Protein chains: 2
Amino acid sequence: MESKQAIQALGALAQESRLKIYRLLVEAGPQGMAAGDIGEKLGLPPATLSFHLAGLSRAGLAKGRQEGRFVIYSADFQNMDALVGYLTENCCGGQACAPAAKAQRRR
Amino acid sequence: MESKQAIQALGALAQESRLKIYRLLVEAGPQGMAAGDIGEKLGLPPATLSFHLAGLSRAGLAKGRQEGRFVIYSADFQNMDALVGYLTENCCGGQACAPAAKAQRRR
DNA sequence: TCCACATTTCCAATAATATGGAAACGTTAG
DNA sequence: CTAACGTTTCCATATTATTGGAAATGTGGA
């Protein structure tokens with residue numbers, strides 16, 4: 001992952017509505033959720049919701065697929081993994097250390 | 001972790017200079033790095049650097065300790081862990097699914 | 001004490017982002 | 001074809017973040 005992508009993804013999540021949307025999508029899993037349902041659940045007007053969904057999509061954290069009259073959004077788990085990896089890259093200069101050991105256990 | 005904290009942490013990282021600083025600190029490990037060295041390495045003027053370091057500190061991602069005339073900054077690995085946990089909470093509604101299995105392997 | 005150095009605070013200009021109403025667009029059912 | 005529905009685009013407004021020079025603050029050495 002490159003710096004620009006990471007910044008875009010982090011920026012996308014650094015906003016109340018988008019963070020709520022993302023977490024809702026994580027909870028929904030690969031099955032996803034219709035845009036309208038998200039808006040209703042979070043009390044967001046259509047224009048605002050669309051704006052934020054577009055942000056999450058541009059950041060690669062969510063993607064929408066058309067299904068009939070609905071657009072179903074779901075979280076992109078792969079990209080989140082890449083993001084987390086980017087944030088802990090080269091931890092402690094690659095030497096053995098507490099954080100590195102912890103990161104090791106994670107993988 | 002609460003929504004507000006997460007947003008602050010994500011927002012702190014969603015900026016080129018701060019992301020660079022944070023990754024530098026991750027690489028430096030618990031030993032940390034003097035503010036001046038960070039500024040020199042990244043080519044940031046003092047005021048700008050201080051502004052960004054304050055942002056990372058407020059977000060709980062870095063902390064500074066006075067050491068002689070220097071202020072040494074280091075990454076807060078614990079808070080980053082909490083943040084990652086927050087982002088993947090209740091994945092797929094707690095049911096077994098691909099992302100959940102992956103997350104399981106991580107812990 | 002006084003000076004040199006490291007870092008922070010103050011401040012004003014500039015830039016980027018969020019909000020939501022109204023209108024446009026695409027899709028399906030009748 | 002037409003109407004109804006879901007979603008997006010357009011747009012103006014409001015809010016928040018970023019930048020860096022200059023001055024203030026803190027710290028240790030001479």
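Visitor: What counts as a strand here, and when do two strands pair?
Guide: Strands (E, at least two residues) and helices (H or I, at least four) are DSSP runs, numbered from the N terminus. Two strands pair if DSSP finds at least two bridges between them. This is a predicted model, in which local features need pLDDT of at least 70 and side-chain atom pairs count only at pLDDT 80 or more, while totals for chains, interfaces and linings use all residues. Residues are numbered from 1 along each chain as its sequence is written, chains are lettered from A and ligands numbered from 1 in the order in which they are written, and side-chain values use heavy atoms, without hydrogens and water.

Visitor: What is the strand order in the sheet of chain A?
Guide: The order is β1-β3-β2 in an open sheet of 3 strands, with antiparallel pairing. β1 (33-34) and β2 stand at the edges with a single partner strand each, so one side of each is left without a neighbour in the sheet.

Visitor: How many bridges join β1(A) and β3(A)?
Guide: They pair over 2 bridges, and A:Met33 stands opposite A:Tyr73.

Visitor: How far is the side chain of B:Arg18 from a phosphate oxygen?
Guide: An N or O atom of that side chain is 2.7 Å from a phosphate oxygen of DNA strand D.

Terms used
Polar contact = N/O pair within 3.5 Å; in protein donor to acceptor, adjacent residues only side chain to side chain.
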